[in-house]
Amino acid sequence: MKPSLLIYNIGMLATACGNSAHGGKAQGEIQIIENAYVAVEENKIVAVGEGEVPADLRCDGCKTIDANNKLVTAGLVDAHTHLVFGGWREHELALKLHGVPYLDILAQGGGILSTVCSTRKATEDELFDKTAKALDTMLSLGTTTCEAKSGYGLDFENELKQLNVVKRLQESQPVELVSTFMAAHALPEEYKDDREGYLSLIIDKMLPYVAEHKLADFCDVFCETGVFTAEESRRILTAAQKHGLGAKIHADEIDPIGGSVLAGEIGAVSAEHLIVCPDEGIASMAKGGTIACLLPATSFYLGATFAPARKMVEAGVPVAVASDFNPGSTPNLSLQLAMNIACYRYRLTPEEVLTAATLNAAAAIGKADQIGTVEVGKQADLLIWDADNLNFIFYRYGNNLVQTVIKNGKVVK
Ligand code: IZC
Ligand code: ZN
């Protein structure tokens, strides 16, 4: 066998292992190989080993990369972003600094609803160009796969416009995308006196269309005070499951109104945020096999408390870490930064956070059998870091330490 790409002289290869999310002790049990090599054929990893590269993997014609004794990991998987939107919301920073709560800004027609106005005004091409630029930055920061939620259209035409942008971007740039339908992100102004009308639009019209046209793999709901109740979330998510979409839920971000308990009960793939997750929510997620998708950069940006990540790991709930990139509660594209904050503020170890941002994140978007680890048979999504070891990328923060990005077996940065 002659590979198409050979990376040799790897100082440290650090990777989670397996095809499913890891919680408990297993979250921190990663494989470390010093003096390693990785061989790739087309878009797949075909060999991973230690020491001298075997003769049958050496080739004259193929591309070789000398990793210069640096760290190699799997590409980062960002399992939670609100990627496609019009405008920004920098004016809200001053309000936040004056202590105006996030939900008050939303209740006054700002927040998400102001992004809905800008997104509705933007053309599909404008959204495409803006999002392509964001993805280019993400790729250089090491994100090789990214989830993208709709939820700034809040009507048929504009939700589809967002989903369509993701579909087009999937075909035109290297970052692999997974779409989540999130029309239940806020109640649009035109339905403010007709909640049932909007729920029916989502459940009876939009969901069947999105599922039939394969425009999303997941459905998400913002289950929060003043947004959608746990009962409304249950109706939307169980309807989505009947259409074959996986369930995700923004739960316990500000108030614990039952989102995490519901997540476990309905077997949601993931629950997001979980800043104020009660013990019964953790128990329910452990029972239901739900991944806790935590967003530490959001706690940091909002000056909020931090999700009880250690408790979750110890209860056997697999923890994923994502950026939550969005124009309101965290306008940051760097999953690296989120990983650093996860380490410092959740007190997760570098090994646990690596699993959180690769294998567990891949599982949270239904791709753990294809990506998230550096193992034979997985897709060749790899990073070479400007770091000698895993600890270094957690110790340093605020800089981009990713040197080389390989997506699907091709050097893309
Ligand atoms: O635009 O504020 N939390 N949704 C739920 C968000 C934050 C995004 C936003
Ligand atoms: Zn979110």
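Apart from its neighbours within four places in sequence, I33 is in contact with G11, M12, L13, V48, G49 and E50. The model examined here is predicted. I33 belongs to strand β2, which covers residues 31-41. With a relative accessible area of 11%, I33 is buried, because buried means under 20% relative accessible area. I33 may also be set against a residue elsewhere in the chain: 140 residues of sequence separate I33 from Q173, and their C-alpha atoms are 31 Å apart in space.

**Domains**

The domain assignment gives domain 1 (5-74 + 370-411) and domain 2 (77-364). Between the C-alpha centres of domain 1 and domain 2 the distance is 29 Å. How many residues of each domain are in contact with the other? On the side of domain 1 there are 37 residues, and they are in contact with 33 residues of domain 2.

**Nonpolar cores**

The largest nonpolar core holds 125 residues, and F181 and M312 have the most contacts inside it. Helix α6 (residues 195-212) gives the most to this core, namely eight residues. At least three residues of this core come from each of domain 1 (5-74 + 370-411) and domain 2 (77-364). Leaving aside neighbours within four places in sequence, the contacts of F181 include I202, M206, L207 and V210.

**Helix α3**

Which residues of helix α3 (residues 112-121) are buried? They are I112, L113, S114, T115, V116 and T119. The cover over the buried residues of α3 includes the helices α1 (91-97), α2 (102-107), α4 (124-140) and α5 (156-170), together with β9 (218-222).

**The ligand**

| Side chain | Atom of ligand 1 | Distance |
|---|---|---|
| Y102 (N or O atom) | oxygen | 2.5 Å |
| Y152 (polar atom) | oxygen | 2.6 Å |
| H185 (N or O atom) | nitrogen | 2.7 Å |

On its own, ligand 1 has 260 Å² of accessible area, and the protein covers 100% of it.

K70 is located in the loop between β4 (63-66) and β5 (71-74). Is K70 buried or exposed? Its relative accessible area is 19%, and K70 therefore counts as buried, since the limit is under 20%. Not counting residues up to four places away in sequence, K70 touches N9, I10, G11 and M12, as well as I384, W385, D386, A387, D388 and Q403.

N360 is part of helix α14 (residues 359-364). The relative accessible area of N360 is 0%, so this residue is buried. When residues up to four places away in sequence are set aside, N360 touches A21, H22, Q27, I291, P318, V319, A320 and T355. For H22 there is a specific distance: its backbone nitrogen lies 2.7 Å from a polar atom of the side chain of N360.

**Positive phi angles**

Most residues other than glycine have a negative phi. K214 is not a glycine, yet its phi is positive, at about 50 degrees. The loop between α6 and β9 contains K214. K214 has a relative accessibility of 71% and thus counts as exposed. D252 is likewise not a glycine and has a positive phi, of about 55 degrees. D252 sits in the loop between β10 (246-251) and α8 (259-265). Is D252 buried or exposed? Its relative accessible area is 1%, so D252 is buried.

Notes. Residues numbered from 1 in each chain as written. Chains lettered and ligands numbered in written order. Predicted model: local features only at pLDDT ≥ 70, side-chain atom pairs only at ≥ 80, totals over all residues. Heavy atoms only, no water. Core = buried A, V, L, I, M, F, W, Y, C linked by side-chain atoms within 4.5 Å. Buried < 20%, exposed > 50% of the residue type's maximum accessible area, 1.4 Å probe, protein only. Helix = DSSP H or I, 4+ residues; strand = E, 2+ residues; numbered from the N terminus. Domains from an automatic or database assignment. Contact = heavy atoms within 4.5 Å. Polar contact = N/O pair within 3.5 Å; in protein donor to acceptor, adjacent residues only side chain to side chain. Areas by Shrake-Rupley, 256 points an atom, 1.4 Å probe, with all protein chains shown as cover.
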